[in-house]
Protein chains: 2
Amino acid sequence: MPHRVHIARELAEFFKLVAHPDRIRLIEELRTGECDVNTLAERLNLPPARLSQHLSLLRTARMVEERRCGRQHLYSLSQPQIAGWITDGLAFVEARAPAALAGELREVRELWS
Amino acid sequence: MPHRVHIARELAEFFKLVAHPDRIRLIEELRTGECDVNTLAERLNLPPARLSQHLSLLRTARMVEERRCGRQHLYSLSQPQIAGWITDGLAFVEARAPAALAGELREVRELWS
DNA sequence: CTCATATCTGCAAATATATGCAGATGTAAC
DNA sequence: GTTACATCTGCATATATTTGCAGATATGAG
C-alpha cells in the first residue's frame, strides 16, 4: 500500500506538469524537433517570459532538454513519445465531449500526429 | 490556431482531473470493476467524504458512472481503458525517477495491470 | 415512524498554481 | 567597453484546488 501511495504521488506530479493548456501546446509544438524560446512564443502566441517559465518547469522535471546555440536556447523533448501519449488522451476527451467538438478534434489530431 | 487552443484546454482539464494521487489510486482501484464508496474508502484509506468528493468530480466529467443498489452507490469507470492509459504514464515517470524507485515501480505495474 | 447506515453537499481555511512585470544575466556584434 | 537581443529569475497578486468538518439527504430495517 505505501508503495502505491508513493507512486501515485509521482504519477500525479507528472500529470500536473502536463495539465496546462500552454504546456500541452508547447509539448506538441516540440514533437517535430527542437526550437528556440522566441520562435515558440510566436507560434503559440504567448509572451516569451511565460514560455520561459513553462520551460523551466519542464526542464526541472527533465521532460525537456536545453541546448545553447549562440544566444538562443534550443529546447527539445527528452522523451519524444510523450507527445504521442498525450494525443492518445484525445480519445478520452472525445468520449465525453459534445459532438460539436468532433471537427476540431479531427483537425488537431492530424496536426499533432 | 484557435482550435488548437480550445482542444488544448479540454485536454488540460482532463489531465487535471487525473492529476491527483487519490484519484489515480481510485481509478486504478476501479479497473477491476465497480465498487461502493465505503469499500473504496477503506481500501484507499481515505475518509468516505473525501472519496465522495473525488467521485463527484469524476462523475461530473463523466469519467465514472454511478449505479445505486440499495443504500450503496456503486461506481465504475465509464472508459475502463483509461486505467491502462494512466499506467502507461509510468514509463515517463520511470525515465526521470531515481533508480531507487525501480522496485516500487515494478510492483505497482503488476498490481495495476 | 424511528433509527442506523451510506453518501452527498456547502462552506471556510489552508495550500498550490498561474500570471504579469521589473530587473538580472549571459552572449554576440560593434 | 557598450549596445542589443534572448532568456531567466524573483516577487506580488490573482485564481484555483484541496481538505476537513458539520449538517443534509436518501434508503432500508425494524
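At 5% relative accessibility, A:Trp85 counts as buried, where buried means under 20% relative accessible area, exposed over 50% and partly exposed in between (1.4 Å probe, protein chains only). A:Trp85 and B:Trp85 form a stacked aromatic pair, 4.6 Å centre to centre with 5 degrees between the planes. The model is predicted: local features need pLDDT of at least 70 and side-chain atom pairs count only at pLDDT 80 or more, whereas totals for chains, interfaces and linings use all residues. Residues are numbered from 1 along each chain as its sequence is written, chains are lettered from A and ligands numbered from 1 in the order in which they are written, and side-chain values use heavy atoms, with hydrogens and water left out.

**Aromatic residues**

- A search of the whole structure gives 14 aromatic pairs over all chains. Rings of Phe, Tyr and Trp (its six-membered ring) pair if their centres lie within 6.5 Å; planes under 30 degrees apart count as stacked, over 60 as edge-to-face and the rest as tilted.
- One of these pairs joins A:Phe14 and A:Trp85, and is tilted, at 5.5 Å centre to centre and 45 degrees between the planes.
- Because A:Phe14 lies in helix H1 (residues 2-18) of chain A and A:Trp85 in helix H5 of chain A, the pair ties together parts that are 71 residues apart in sequence.
- A:Phe14 is buried, at 0% relative accessibility.
- One aromatic cluster is formed by A:Phe14, A:Phe15, A:Trp85, A:Phe92, B:Phe14, B:Phe15, B:Trp85 and B:Phe92.

**Interface of chains A and B**

- Chain B places 47 residues in contact with 47 residues of chain A, contact meaning heavy atoms within 4.5 Å.
- The two chains bury about 4,500 Å² between them, 73% of it on carbon and sulfur atoms; buried area is the accessible area (1.4 Å probe) that two parts lose on being put together, summed over both.
- In chain B, the most area is lost to chain A by B:Phe15, B:Phe92 and B:Arg96, together 18% of what that side buries.

**A:Gln79**

- A:Gln79 is found in the loop between strand S3 (72-77) and helix H5 (81-88) of chain A, and is buried, with a relative accessible area of 10%.
- Apart from neighbours within four places in sequence, A:Gln79 is in contact with A:Arg62, A:Met63, B:Ala91, B:Phe92 and B:Ala95.
- A polar atom of the A:Gln79 side chain lies 3.4 Å from the backbone oxygen of B:Phe92. A polar contact is a pair of N or O atoms within 3.5 Å; within protein, one must be able to donate a hydrogen and the other to accept it, and residues adjacent in sequence count only if both atoms are side-chain atoms.

**DNA strand C**

- Of the 17 residues around DNA strand C, A:Arg50, B:Asn38, B:Ser52, B:Gln53 and B:Tyr75 come nearest; a residue is near a molecule or strand if one of its heavy atoms lies within 4 Å of it.
- Sugar and phosphate make up 82% of the atoms of DNA strand C that come within 4 Å of the protein.
- An N or O atom in the side chain of A:His20 is 3.1 Å from a phosphate oxygen of DNA strand C, and for A:Arg23 the distance to a phosphate oxygen is 3.4 Å.
- In chain B, an N or O atom in the side chain of B:His73 is 3.0 Å from a sugar or linking oxygen of DNA strand C.
- By class, the surface near DNA strand C has two nonpolar, eight polar and seven charged residues. Ala, Val, Leu, Ile, Met, Phe, Trp, Tyr, Cys and Pro count as nonpolar, Asp, Glu, Lys and Arg as charged, and the others, Gly among them, as polar.

**DNA strand D**

- Of the 18 residues around DNA strand D, A:Asn38, A:Ser52, A:Tyr75, B:His20 and B:Arg50 come nearest.
- Phosphate oxygens of DNA strand D are 2.7 Å from an N or O atom in the side chain of A:Ser52 and 2.4 Å from one in the side chain of A:Tyr75.
- A polar side-chain atom of B:Arg50 lies 2.8 Å from a phosphate oxygen of DNA strand D.
- The surface near DNA strand D divides into two nonpolar, seven polar and nine charged residues.

Terms used. Helices (H or I, at least four residues) and strands (E, at least two) are DSSP runs, numbered from the N terminus.
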